[in-house]
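Dear colleague,

Please find below the structure that I am handing over to you. My notes on it follow.

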Amino acid sequence: MSHALAVEATALRRRRLSPFVIAGSVLVLGLIGLAAILVGPVDLGAGAVVKALVDRLPFVNAHSGLSSPRLAILWQLRVPRVVLGGLVGATLALCGAAYQGVFRNPLADPYLLGVA
């Protein structure tokens, strides 16, 4: 019986993510978010956008060089679009994981109950 517990404990240890994987994932997510902010009909420039984002941090003063209409495009259109897209994606992932957990089936999908 103790051998089975040792095997299960080893399997649980293997499932943990290393700090490098987590840091890399956060970095990639940030780069994808920045790329999504840069996409649009008005070219804002990557350096100016990064400076405008850093300027919103407390105790940091970085002049981005963006005009008032371009700052409005950034803060009223693009950043909310990216944040909302991230929230929608996270919610869909959470719902899918909950659905799979309730039915204890890793292949569960919305068609299982006719929800789709």
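Among contacts in the chain between residues at least 6 apart in sequence, what percentage join residues at least 24 apart? The share is 37%, where contact means heavy atoms within 4.5 Å.

Two remarks on conventions come before the findings. This is a predicted model, in which local features need pLDDT of at least 70 and side-chain atom pairs count only at pLDDT 80 or more, while totals for chains, interfaces and linings use all residues. Residues are numbered from 1 along each chain as its sequence is written, and side-chain values use heavy atoms, with hydrogens and water left out.

**Overall architecture**

The chain has four helices and zero strands, and its elements run α-α-α-α from the N terminus on. Helices (H or I, at least four residues) and strands (E, at least two) are DSSP runs, numbered from the N terminus. Of the 116 residues in the chain, 12% are buried; buried means under 20% relative accessible area, exposed over 50%, and partly exposed in between, with a 1.4 Å probe and protein chains only.

**Helix packing**

For the geometry below, axes are lines fitted to C-alpha atoms, for helices over the stretch in contact, and angles run from 0 to 180 degrees between N-to-C directions. Angles under 35 degrees count as roughly parallel, over 145 as roughly antiparallel, 65 to 115 as roughly perpendicular and the rest as oblique. A crossing is right-handed if the near helix is turned clockwise from the far one by less than a right angle, and left-handed if anticlockwise. For residue classes, Ala, Val, Leu, Ile, Met, Phe, Trp, Tyr, Cys and Pro count as nonpolar, Asp, Glu, Lys and Arg as charged, and the others, Gly among them, as polar.

Helix α2 (residues 19-38) packs against helix α3 (residues 46-55) at an angle of about 115 degrees, with the axes 10 Å apart. The two helices, α2 and α3, are therefore roughly perpendicular to each other, and their crossing is right-handed. On the α2 side, Leu34, Ile37 and Leu38 meet Ala46, Val49, Val50 and Leu53 of α3. The residues of this contact divide into seven nonpolar, no polar and no charged.

The axes of α2 and α4 come within 9 Å and cross at roughly 135 degrees, which makes α2 oblique to α4. This crossing of α2 and α4 is right-handed. Gly33, Ala36, Ile37 and Leu38 of α2 make the contact with Leu74, Arg78, Val79, Arg81 and Val82 of α4. By class, the contact of α2 with α4 has six nonpolar, one polar and two charged residues.

Between α3 and α4 the angle is about 80 degrees, and the axes lie 11 Å apart; α3 and α4 are therefore roughly perpendicular to each other. Here Val49, Ala52 and Leu53 in α3 meet Leu71, Leu74, Trp75 and Val79 in α4. The contact of α3 with α4 has seven nonpolar, no polar and no charged residues.

**Individual residues**

Ser64 is placed in the loop between α3 and α4 (68-103). With a relative accessibility of 15%, Ser64 counts as buried. Its side chain reaches the backbone nitrogen of Leu66 at 3.3 Å. Not counting residues up to four places away in sequence, Ser64 touches Ala48, Lys51, Ala52 and Leu71.

Phe59 is also found in the loop between α3 and α4. The phi of Phe59 is near 65 degrees, a positive value in a residue other than glycine, and at 90% relative accessibility Phe59 counts as exposed.

Arg104 lies in the segment after α4. Although Arg104 is not a glycine, its phi is positive, at about 50 degrees. Arg104 is exposed, with a relative accessible area of 77%.

With kind regards

Methods
A polar contact is a pair of N or O atoms within 3.5 Å; within protein, one must be able to donate a hydrogen and the other to accept it, and residues adjacent in sequence count only if both atoms are side-chain atoms.
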